[in-house]
Each structure stands twice: as structure tokens, then as C-alpha cells.
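Please open the model in a viewer and keep the selection panel at hand.

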Amino acid sequence: MDVRRLRLETQADHEAVEASFPLMRMGLGRSEYVFCLQRLHGVVAAWEKAATGHVGDAIRPEWLRSVVKQRLRRPMLERDLAHFNVMNVGAGGPVLPEFQSISSLLGAMYVMEGSTLGGQLIGRHVDRVLGLVDGEGSAYFHGHRELTGSMWREFCGVLEAEIPETDGDATVAAAKAMFQMFGAWMQGSKP
């Protein structure tokens with residue numbers, strides 16, 4: 001699959017998700033930030049649960065399990081919440097789109113992996129605005145730090161190698177559905 005096609009066809013969806021929460025505002029306050037972390041936890045927990053074991057083995061072969069396990073970020077998010085003395089984030093989370101194939105699962109993963117790349121910019125901004133140091137309270141956004149770029153390129157290689165062009169429409173549809181779920185969840189129950 002051509003990753004450029006995926007990026008172009010989901011650009012508006014991506015921008016809508018970014019607009020759904022205030023992380024890049026100069027006036028971002030700690031309570032708003034913590035609320036965003038809590039909402040993000042719902043999405044990340046639901047995604048990681050689905051991607052690591054609650055999707056049929058036919059669409060989650062061993063090679064994909066390995067790719068997913070290298071990219072888990074929920075523990076980082078939980079450390080960030082603990083930094084702000086939030087220990088109980090609840091069990092609530094969004095209902096994810098259904099994954100019917102490896103291509104649709106990878107389309108959804110494109111959204112989550114893209115958030116890791118974009119999180120680098122958010123992490124620097126949040127550190128500056130909230131006075132956080134060394135990723136304490138913002139580890140989730142700093143992601144895999146200096147490995148983030150290479151991990152993104154590796155994931156793009158997986159998309160290109162594993163998704164046949166004939167599955168392009170299904171992959172784009174899955175990414176769009178994931179973006180829409182993500183944005184709707186982040187807008188829910190504003191503080």
C-alpha cells in the first residue's frame with residue numbers, strides 16, 4: 001500500500017482529531033492536560049487490548065504481534081497519570097471499529113503509530129507550557145524518544161509490504177473509522 005495515499009485520504013480526519021483536544025494551546029492548564037491524558041488512556045487501553053490479543057489470530061499473525069508489542073505505550077501514559085497523582089483511570093474506553101483483515105488492523109494501527117510521531121511535538125510543547133522536565137508527566141508524548149522516527153519508518157515499510165493495493169480501500173476506511181472514533185472519544189465529557 002502506498003503510505004502517501006493513506007496520509008492524503010485521511011488528512012482531514014487527522015486534523016479533526018487534533019482539533020478535538022487542546023494540547024497545543026499556549027494556555028493549556030494542568031487540569032485540562034490531565035483530563036486529556038485520562039481520555040487518551042481510554043483509547044490507548046482499548047487499542048492495545050485489541051491489538052495484542054483480542055483480535056482473531058487469522059488477522060493477527062505472529063509477525064504482527066511482535067510489531068505491536070514493540071510499540072505499547074499504555075505504561076507510559078499510566079506513569080504520566082501517576083505523576084499527577086491519578087491512580088485510578090477507570091475501565092471505560094471507546095468501542096473500536098471492527099477489524100476484518102490484517103489490512104484493516106494495520107489501517108487502525110496507522111492512526112496509533114502516527115500519534116506517536118506527532119506526539120514528539122506535543123511533548124515538547126507540554127513540557128514547555130507546564131514546566132515538565134525530562135518527560136516526567138509527558139512520557140507518553142515523547143514515546144520512544146530517539147527511536148520514534150526509525151520505528152515510524154519501519155512501520156511504513158510494514159504497510160507497504162503487507163497491504164496489497166487491492167486492500168487499499170479497506171485500509172483507508174479502517175484508518176478513517178479509527179480517526180473518527182478517536183476524535184469522538186476525545187471530545188466526550190469535556191472537563
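The stops that follow concern aromatic rings, a helix contact and backbone angles in a predicted model.

**Aromatic pairs**

The structure holds 6 aromatic pairs.

Next, select tyrosine 110 and tryptophan 152. Their ring centres are 5.8 Å apart and the planes stand at 45°, so the pair is tilted; planes have to be over 60 degrees apart to count as edge-to-face. Here too the pair links distant parts of the chain, with tyrosine 110 in helix H5 and tryptophan 152 in helix H7 (residues 148-162), 42 residues apart. Tyrosine 110 is buried, at a relative accessible area of 8%, and tryptophan 152 counts as buried at 16% relative accessibility.

Which residue lies over the face of tyrosine 140? Arginine 73 does, at 3.8 Å from the ring centre. For another arginine over a ring, select arginine 39, which lies over the face of tryptophan 185 at 3.7 Å from the ring centre.

**Two helices in contact**

Now display helix H1 (residues 3-19) with helix H8 (residues 168-187); they pack at an angle of about 10°, and their axes are 9 Å apart. Because of that angle, H1 is roughly parallel to H8. On the H1 side, the contact is made by Arg5, Leu6, Glu9, Thr10, Asp13, His14 and Val17. From H8, the contributing residues include Val172, Ala175, Lys176, Phe179 and Phe182. By class, this contact of H1 with H8 has 6 nonpolar, 6 polar and 5 charged residues.

**Positive phi**

Most residues other than glycine have a negative phi. Select asparagine 85, a residue other than glycine whose phi is positive, near 60°. Asparagine 85 is placed in the loop between H4 and H5, and it counts as exposed at 65% relative accessibility.

Finish at arginine 145, which has a positive phi of about 50° although it is not a glycine. Arginine 145 is found in the loop between helix H6 (139-142) and H7, and at 40% relative accessibility it counts as partly exposed.

Conventions: Residues are numbered from 1 along each chain as its sequence is written. This is a predicted model: local features need pLDDT of at least 70, side-chain atom pairs count only at pLDDT 80 or more; totals for chains, interfaces and linings use all residues. Side-chain values use heavy atoms; hydrogens and water are left out. Rings of Phe, Tyr and Trp (its six-membered ring) pair if their centres lie within 6.5 Å; planes under 30 degrees apart count as stacked, over 60 as edge-to-face and the rest as tilted. Helices (H or I, at least four residues) and strands (E, at least two) are DSSP runs, numbered from the N terminus. Buried means under 20% relative accessible area, exposed over 50%, partly exposed in between (1.4 Å probe, protein chains only). A charge sits over a ring if NZ of Lys or CZ of Arg is within 6 Å of the ring centre and within 35 degrees of the ring normal. Axes are lines fitted to C-alpha atoms, for helices over the stretch in contact, and angles run from 0 to 180 degrees between N-to-C directions. Angles under 35 degrees count as roughly parallel, over 145 as roughly antiparallel, 65 to 115 as roughly perpendicular and the rest as oblique. Contact means heavy atoms within 4.5 Å. Ala, Val, Leu, Ile, Met, Phe, Trp, Tyr, Cys and Pro count as nonpolar, Asp, Glu, Lys and Arg as charged, and the others, Gly among them, as polar.
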